[in-house]
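Please examine the model shown below alongside its sequence.

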Amino acid sequence: MNKPILLFFMLFALGIHSQEVSLLQFDDENSTAIAQNSAGTTSPIDFIKHLDGLSDRKLLQFVRKKGVAAKLIQKADEYFDKMWYAEAARIYDIVLEKSDEKHTAELLGKAGDSHYYNGNLEKSYKWYNELYQTYPNHFSDDRFFKYTHTLKGTGKYQRAAQLTKLFRQRRDEPLEELENVATPTWKSTALVEIKNLAINSKYSDFAPMYHKGSEVVFASARDSSFLTTRRYRWTNQPFLDLYVAKTKDDDSGSLFGTKKFSRKINTKYHEASVAFSPDQKTLYFTRNNYGKRLKRGKNGINHLKIYQSQLINGDWADAVEVPFNSENYSTGHPSVSPDGTKMYFVSDMPGGYGQTDIYVVDILENGSFSEPINLGGEINSSGKEMFPYITENMLYFSSNRAMGLGGLDVYKVEYDNNVFGAVHNLGEPINSRRDDFSYIVDDSGEKGYFASNRKGGKGDDDIYSFTSIENRNAISGTIKDAKTGEVIEGAQVMLYNKEKLLLAQVDSDTDGNYRFEGLESTSDYVLKITKKGYFEKDSDIRTKDNITIEANQSLEPIKEIIDNEKRMVNLEPEAIYFDFDRFDIKPKAAKELDKLVAVLKEYEDMVIKIESHTDAIGSSAYNKYLSDKRAKSTRDYIISQGVDPSRIASAIGYGEERLLNDCADGQRCPPDQHRQNRRSEFHIVSQ
């Protein structure tokens, strides 16, 4: 199948595995019972079961017979082309793991794709990684994205960030958002308790939506037929239908009493992602475009459309499509504003910012709609935006944009008078290494539901309830001048996580105070404080269990290390020593030299000269050479930190000519006295 046909594969989450379906080419011939047909031909499932029924030794013997591996690849390719990815993935695994067949780029790529489309990120990563290591030039943009998705899904965030940066460089895309900055999380993120719901099946369950105050409607691929169930070959699961469940009265978020939503709404194809008008009398949902049979656009694709139904005499009428649908692109994931005047939805229509974007239309009084408007590049990215959910002052949605925690992450953005603010990632535990989506929240903003294919669930995608708990985790303190004790206003305080990625930054107020809220319990952070005229300061901080940690900070004034009488910059003597017979800059010395760099950047006209000295161990000629190397390595380090070379007048080694004690040649001295002579000095030439 051509890759452009799969551009929509993550749009309408038929579970995130079904989310990765285009819902494009599924006629009746692609929906078969899991059994032998009337002609007695073995079904794909039976064929796979037969292979899996062999012992490891017999399977190995079978696969290594002449010609068998090639025939298995041919069979897997047939399944792959029909988008029967579950069956294709298993055969590709057998060939790659059991046979002597060459691991070609095509074979590795299709194996990775097959597992990816079925949500097995670990196995998908295995084959994508081998493909990338062996055939780096065979990575398409689409497969490159999927590879980074598997990296994040298996916890390899740093590698995912590196490859994302390389990918953007290759496409000449901006890199600013990737530069040492963690995924921004909402500043008031609460602690959240999440629960896997009892209504989840072994198949995909997702896209919950509130209904009539005491019910939740959701999409599911559960097998609810007493007879043979038609299968959706992509995931080898039944087609999606809409179901409804009741909410318990105990505020637990639990659901019970699941039943099919409506016989008039559910069809033999997919239905998912519903929204209701405020009076609950109008229903909007996503469905395959079909009449008596599936309809296709100019490119042969069966697109998705938003349909509308009215509640008449207690039953839903036959659904009709909304006018902004198209035969040539897809629309879906409707969400109606609380006042019923706007509908937000997702589409891959031409002119968007990414693969799928969020749009909005006005719902007019006569029931018609305005022209769709794209929400713009501040909300939509070059990736996929999906599952919008609108409240009175907040838009929630899922996206696979760069640097999220997993594949799809849930984001939120405040809005007022149709003006949207900054987009923030909801963070853990709502978001995970996997796909997290179809997030809804009640009027209190404290509890709701979302779907995820994270580990530990009952099926492919499960619905989870969440309840917010007040988060008291915070770091606060006061910043003062270490010399005078006076508070410092306007110091920039930056908070980093343990991976040294920037989480947030604030300026100290008029009383020198700062505060970071919404942090994680018992987690390690780093504070970095900067202020003109002071040395930067880094501090390691660890939060406790849901309390505020006080971390007062003192900054050293830069001018305090300048000795104007001696015309020297006085650094910590113990820090700039060199090991015996060495001239490399040690980490401790580098940290101290950073103070000198700060001085030079603060006093832009200052020019210095560097003098390096040794002990008297060894010949004087060698010590002269060694100290000169030390002086020049010191100079080189300072220049590497952005100091203009012209501001270092000289860098000279004096060997053992200027000892600080009596440890000259022939004198026996303890090691610490010899170390005193191995030093660097910094003299001010002009200021």
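This is a predicted model: local features need pLDDT of at least 70, side-chain atom pairs count only at pLDDT 80 or more; totals for chains, interfaces and linings use all residues.

**A helix and its surroundings**

In helix α8, the buried residues are Arg-143, Phe-144, Lys-146, Tyr-147, Thr-148, His-149, Thr-150, Leu-151, Lys-152 and Gly-153. Because 10 of the 13 residues of α8 are buried, the helix is largely enclosed by the rest of the structure. An α-helix has 3.6 residues a turn, so residues three or four places apart point the same way.

The helix covers residues 141–153, and the distance from its first C-alpha to its last is 18 Å, close to the 18 Å expected at 1.5 Å a residue. Arg-143 is itself one of the buried residues of the helix. After α8 comes Gly-155, which has a positive phi, near 85 degrees.

**Nonpolar cores**

In soluble globular proteins, nonpolar side chains tend to be buried together. In this model, the largest nonpolar core comprises 45 residues. The residues with the most contacts inside that core are Phe-206, Leu-242, Phe-261, Val-274, Phe-276, Leu-283 and Tyr-439. Another core, of 38 residues, lies apart from it and has Leu-51, Phe-80, Val-95 and Phe-139 among its members.

**The largest cavity**

How many cavities of 30 Å³ or more does a search of the whole structure find? The search finds 3, and the largest cavity has a volume of about 120 Å³. Its lining consists of 13 residues, of which Met-209, Val-274, Phe-387, Pro-388 and Ser-438 lie nearest the centre of the cavity. Val-274 also belongs to the residues with the most contacts inside the largest nonpolar core.

At least two residues of the lining come from each of β2 (205–211), β8 (271–276), β13 (331–336), β17 (385–390) and β22 (436–441).

Strand β22 also contains Asp-436. Is Asp-436 buried or exposed? With a relative accessible area of 0%, under the 20% limit, Asp-436 is buried. The side chain of Asp-436 has a polar contact with the side chain of Ser-452, at 2.7 Å.

**A disulfide**

The count of disulfides comes to 1. This disulfide is formed by Cys-663 and Cys-669, whose sulfur atoms are 2.2 Å apart. The link between Cys-663 and Cys-669 is left-handed, with -110 degrees about the S-S bond. Of this pair, Cys-663 has a relative accessible area of 0% and is therefore buried.

**Two further strand residues**

Arg-679 lies in strand β37, which covers residues 679–686. Because its relative accessibility is 8%, Arg-679 counts as buried. Arg-679 and Arg-630 are 49 residues apart along the chain, and their C-alpha atoms are separated by 9.1 Å.

Asp-538 is placed in strand β30, residues 537–542. Its relative accessibility is 52%, so Asp-538 counts as exposed. Between the C-alpha atoms of Asp-538 and Leu-495 the separation is 9.9 Å, the two residues being 43 residues apart along the chain.

How values were computed: Residues are numbered from 1 along each chain as its sequence is written. Side-chain values use heavy atoms; hydrogens and water are left out. Helices (H or I, at least four residues) and strands (E, at least two) are DSSP runs, numbered from the N terminus. The expected span of a helix is 1.5 Å times one less than its number of residues. Buried means under 20% relative accessible area, exposed over 50%, partly exposed in between (1.4 Å probe, protein chains only). A nonpolar core is a set of buried Ala, Val, Leu, Ile, Met, Phe, Trp, Tyr and Cys residues joined through side-chain atoms within 4.5 Å. A disulfide is a pair of cysteine sulfur atoms within 2.5 Å. On a 1 Å grid over the protein atoms alone, a cavity is a set of points where a 1.4 Å probe fits but cannot get out, and a pocket is an open set with protein on both sides within 12 Å along at least five of seven lines; lining residues have an atom within 4 Å of a point. Grid points are joined across faces, edges and corners, and a volume is the space filled by probe spheres set on the points. A polar contact is a pair of N or O atoms within 3.5 Å; within protein, one must be able to donate a hydrogen and the other to accept it, and residues adjacent in sequence count only if both atoms are side-chain atoms.
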